[in-house]
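Please read this note with the model open beside it. Take the points in order and find each residue as it comes up.

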Amino acid sequence: MSASLIIIIVLVLVAGGAVIALPGKSFREAMRISLSQAVRVVPIVLPAAFVAGFLAELLPREIVAELFGAEGGWLGYAIAIAAGAILPTGPMVVLPLGAALLQADAGLAPILTLYASWTLVNLQRLFIWELPLVGQSLAVRRYSGGLLVLPLAIASAVLIAWLLGR
Amino acid sequence: MAERKRFGGHGPTLFVWTIAISLGLICYIYKGEAAFYRAFWVDVGILETMAPRFLLGLLLVGFLTVLAPREAVARALGAGSGFKGLAIAAGAGALLPGGPWVIMPLTLAIARSGADAGACVAFVVAWSSLGLNRLLVWEMPFLGFETAGLRWLLAVPLPLLAGLAVRRWLPLAATVKEPE
């Protein structure tokens, strides 16, 4: 069993135990909230899982790697930002891709830029997860916040590459 | 919210189904049957990983909403909670494991319990850029200890700045209403 699953199980047991043990906290009310959430989000989450694999299949690593290629300078960063924005959500695609590109002599700064873009302004996360699940008002604010701090993250990427001499 | 009204409130659901089915069709037509089934079984694997975490996450949403007194959450994470509120939200986001299927329902729960948009943004940005689980399981093995560690350290201000910016320029106190 993975660490993340164990942590979630522990959190659920502690929180559930607290609801049962504490006076004035209704277990039935908690279940009602969970169920109403489930009814709303299960039909969204089910197809969302299928988007990830199909998108990964349609965006083959070779093409993304080719786009980077030996392109340097500003174009390389622009491609890195765009790639980070359109790559599928989920570390199982972006991190192996980043590692493969580094192996293929891509610069560390553009790869960290790609990763920063993926963490902050990924479009699949916005359209498939955030907009449907938390609603427009919150999702738009989250994305704007990500866009605003993206330049800082890119500056960090350049700084890290310089510090490590890569 | 306006988007709940369209398609009898099923707009987001229809949207995601449409994307999933379209991508599946494109995959089948352009990449062939073998590629389609390969991607399909990858998706089933993703679903298998995600389902137990997602269901536990939903239980957590109910428990936390009942446990957290609205006034206390509003004090700790509301519009008036200051930098400390953003730091608490960011800390929670960095510590919580799980994909968007766990984090998004939790974001909804803290928003409904009185957190403002700034705190919600700090929470989600911290999860996506500072998540400790991803740092240890994915970033360090693939990027190397030094690079991943430095990246993480330099990313620490990001959720706080994103939260501050949203509070300053796009404030929103009462974020999400109870779904009908």
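Two residues are in contact if their C-beta atoms, placed from the backbone, lie within 7 Å. Helices (H or I, at least four residues) and strands (E, at least two) are DSSP runs, numbered from the N terminus.

1. **Ground rules.** This is a predicted model, where local features need pLDDT of at least 70, side-chain atom pairs count only at pLDDT 80 or more, and totals for chains, interfaces and linings use all residues. Residues are numbered from 1 along each chain as its sequence is written, while chains are lettered from A and ligands numbered from 1 in the order in which they are written.

2. **Chain A, overall.** Chain A has eight helices and zero strands. From the N terminus on, its pattern is α-α-α-α-α-α-α-α. The C-alpha trace of chain A spans about 65 × 35 × 35 Å along its principal axes. The radius of gyration of chain A, taken over C-alpha atoms, is 20 Å. A compact globule of 166 residues would have a value near 15 Å; that rule is 2.2 Å times the number of residues to the power 0.38.

3. **Chain B, overall.** Chain B has nine helices and zero strands. Its C-alpha trace spans about 55 × 50 × 30 Å along the principal axes. Of the contacts in chain B between residues at least 6 apart in sequence, 80% join residues at least 24 apart. For chain A, residues 24 or more positions apart account for 76% of the contacts with a separation of 6 or more.

4. **Domains.** These bounds come from an automatic or database domain assignment. Chain A is split into domain 1 (1-50) and domain 2 (59-166). Their C-alpha centres are 31 Å apart. Chain B is split into domain 1 (1-51) and domain 2 (68-180). Here the C-alpha centres lie 27 Å apart.

5. **Burial.** A residue is buried if 20 or more other C-beta atoms lie within 10 Å of its own, exposed if 12 or fewer, and partly exposed in between; C-beta atoms are placed from the backbone. By this count, 49% of the 166 residues in chain A are buried. In chain B, 49% of the 180 residues count as buried.

6. **The contact between the chains.** How many residues of chain B are in contact with chain A? There are 79 residues of chain B in contact with 76 residues of chain A. The elements of chain B that give two or more residues to this side are H2 (11-67), H5 (100-112), H6 (117-130), H7, H8 and H9 (157-169). H2(B) gives the largest share, 36 residues. By class, this side of chain B has 56 nonpolar, 14 polar and nine charged residues. Ala, Val, Leu, Ile, Met, Phe, Trp, Tyr, Cys and Pro count as nonpolar, Asp, Glu, Lys and Arg as charged, and the others, Gly among them, as polar.

7. **Helix H7 of chain B.** Which residues of H7(B) (residues 132-143) are buried? They are Arg134(B), Trp138(B), Glu139(B) and Leu143(B). These residues lie on the same side of H7(B), because they cover an arc of only 90° around the axis. The arc is that of the directions from the helix axis to the C-beta atoms. Their cover includes helix H5 (91-103) of chain A together with helix H8 (145-155) of chain B. Just after H7(B), Gly144(B) takes a positive phi of about 95°.

8. **Helix H3 of chain B.** In H3(B) (residues 70-77), Val73(B), Ala74(B) and Leu77(B) are buried. They cover an arc of only 100° around the axis, so they sit on the same side of H3(B). The buried residues of H3(B) pack against H4 (82-95), H5 and H6 of chain B.

9. **Pro12(B).** Pro12(B) lies in helix H2 of chain B. Why is Pro12(B) counted as buried? Pro12(B) counts as buried because 23 C-beta neighbours lie inside 10 Å. Pro12(B) and Leu77(B) are 65 residues apart in sequence and 27 Å apart in space, C-alpha to C-alpha.

10. **The nonpolar core.** A nonpolar core is a set of buried Ala, Val, Leu, Ile, Met, Phe, Trp, Tyr and Cys residues joined through C-beta atoms within 7 Å. The largest one has 104 residues. Val51(A), Ala153(A), Ile110(B), Cys120(B), Ala122(B) and Phe123(B) touch the most other members. H2(B) gives the largest share of this core, 15 residues. Leaving aside neighbours within four places in sequence, Ala122(B) is in contact with residues including Leu86(B), Ala89(B), Pro159(B) and Leu160(B).
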